[in-house]
Amino acid sequence: MVDGSWTGNKVTDSKTIEYIEKALGPDSYTKEGLTTWPGKRVGVHSTGDHTVIELIGRDRPGLLSEISAVLSNLNFNVVAAEMWTHNRRIACIVYVNDCATCHAVDVAARLSTMEGQLKNILSGCDEGERVARTNFSVGLTHMDRRLHQMMFDDMDYDYDHENSTGISEIDSCPLFKPKITIDHWADKGYSVVGIRCKDRSKLLFDIVCTLTHMQYAVFHANISSDGPYAVQEYYIRRMDGCVLNNEAEKRRVIKCLEAAIRRRVSDGLSLELCAKDRVGLLSQVTRILRENGLSVTRADVTTVGEKAISVFYVRDASGNPVDMKIIEMLRKEIGQTMMLNVKKNVPQIAKAPEACGGWAKTSFFFGSLLGKFLP
């Protein structure tokens with residue numbers, strides 16, 4: 001087992017191993033098991049309860065800045081947040097509490113005011129048949145899984161890629177386009193989903209999460225890599241025990257898996273910021289990004305103790321590469337109160353695996369192995 005970094009180091013941290021064992025053990029569904037790990041689970045480091053806000057709508061430059069400004073003006077403190085964009089759609093989950101009490105907000109009037117203002121922002125563009133939505137809840141949730149569900153239910157996969165500004169140049173390049181096939185294994189009664197794409201952290205989670213949400217059961221899987229590429233096979237059936245028996249269903253599964261793989265892919269630059277947490281910090285940072293002509297394509301905001309740690313994936317709002325002079329201006333405007341680290345997110349071009357050799361070898365080996373042992 002290796003970590004999620006590009007170096008692929010072996011996992012040796014005892015806390016990480018202990019958490020994995022607990023998550024996979026019999027106590028994995030208890031509330032205590034969910035709140036002991038200071039990681040992605042939101043609310044662990046907050047000083048009190050929180051209210052969860054779910055937002056879905058059409059993406060446009062500066063939208064995250066407007067959302068955070070509304071929350072700040074209404075005296076809500078952002079404990080954590082995550083935002084994804086794909087195919088000109090945006091899905092965002094924000095954990096907030098009251099600035100004064102640091103507890104969840106349950107006053108109907110305040111929530112109604114917040115909901116009204118957020119809906120006005122999300123409805124600023126012509127949605128056609130799609131409607132912007134704002135939901136509230138109190139409690140724990142798995143952010144990544146919920147974001148996948150939100151974008152899937154919003155049908156972000158059913159969109160004309162050629163007219164979408166949400167697809168990066170690298171992601172639309174054939175070299176980086178996921179290659180997905182679905183075959184029928186008649187002898188054992190499985191549909192075999194084959195995937196070959198650029199490897200990255202959380203790829204396995206994104207694919208399995210989507211298949212599960214689409215009501216498919218994964219019985220067996222073969223996960224391997226070929227240099228910078230991932231080669232995966234999933235042996236699946238529908239929940240009723242049937243295989244994928246028509247071309248329309250197969251095309252839909254392929255489109256949904258392509259969307260699940262693309263949602264987390266970001267080109268351009270990533271801006272990692274660390275600062276002392278305070279009310280209105282997210283609003284200030286996103287306003288500075290917007291005023292400097294940068295559009296946020298993905299964001300991850302967390303709090304650890306008194307520190308706010310955020311990662312913003314940005315590109316030029318006009319679609320051009322980000323001018324590094326803008327980054328230098330950004331550093332000066334942020335000042336000495338925040339630590340800023342800038343990274344380029346352009347993957348290295350690598351030779352793709354053989355279309356026949358590498359793929360067929362993996363499929364043949366695992367298929368033959370399963371044939372000996374499966375009923």
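Helix α4 covers residues 108-122, and at 1.5 Å a residue its 15 residues should span 21 Å; the end C-alpha atoms are 21 Å apart, which agrees. The expected span here is 1.5 Å times one less than the number of residues in the helix. Helices (H or I, at least four residues) and strands (E, at least two) are DSSP runs, numbered from the N terminus.

A word on where this comes from: the model is predicted, so local features need pLDDT of at least 70 and side-chain atom pairs count only at pLDDT 80 or more, while totals for chains, interfaces and linings use all residues. Residues are numbered from 1 along each chain as its sequence is written, and side-chain values use heavy atoms, with hydrogens and water left out.

Back to α4: which of its residues are buried? They are Leu 111, Met 114, Leu 118, Ile 121 and Leu 122. These residues cover an arc of only 90 degrees around the axis, which puts them on the same side of α4; the arc is that of the directions from the helix axis to the C-beta atoms. An α-helix has 3.6 residues a turn, so residues three or four places apart point the same way. Ala 108, Ala 109 and Asn 120 are exposed, on the face of α4 turned away from its buried side. Buried means under 20% relative accessible area, exposed over 50%, and partly exposed in between (1.4 Å probe, protein chains only).

Helix α3 (residues 63-73) has its own set of buried residues: Leu 63, Leu 64, Ser 65, Ile 67, Ser 68, Val 70 and Leu 71. After α3 comes Asn 75, with a positive phi near 65 degrees.

Next, a pair of helices. The axes of α9 (residues 281-291) and α10 (residues 324-334) come within 11 Å and cross at roughly 145 degrees. Axes are lines fitted to C-alpha atoms, for helices over the stretch in contact, and angles run from 0 to 180 degrees between N-to-C directions. The crossing is right-handed, and the contact is made by Arg 287, Ile 288, Leu 289 and Glu 291 of α9 with Leu 330, Glu 333 and Ile 334 of α10. Contact means heavy atoms within 4.5 Å.

| Side chain | Backbone oxygen of | Distance |
|---|---|---|
| His 184 | Tyr 190 | 3.4 Å |
| Arg 237 | Lys 188 | 3.0 Å |

His 184 lies in β5 (residues 179-185) and counts as partly exposed, at 46% relative accessibility. Neighbours within four places aside, His 184 is in contact with Tyr 190 and Val 243. Its C-alpha atom is separated by 8.5 Å from that of Asn 245, 61 residues apart along the chain.

Arg 237 sits in β8 (residues 229-238). Leaving out neighbours within four places in sequence, Arg 237 is in contact with residues including Gly 189, Tyr 190, Tyr 216 and Cys 242.

Beyond four places in sequence, its contacts include Tyr 95, Cys 99 and Arg 278.

Overall, the protein has 11 helices and 12 strands, and 44% of its 375 residues count as buried.

How values were computed
A polar contact is a pair of N or O atoms within 3.5 Å; within protein, one must be able to donate a hydrogen and the other to accept it, and residues adjacent in sequence count only if both atoms are side-chain atoms. A crossing is left-handed if the near helix is turned anticlockwise from the far one by less than a right angle, and right-handed if clockwise.
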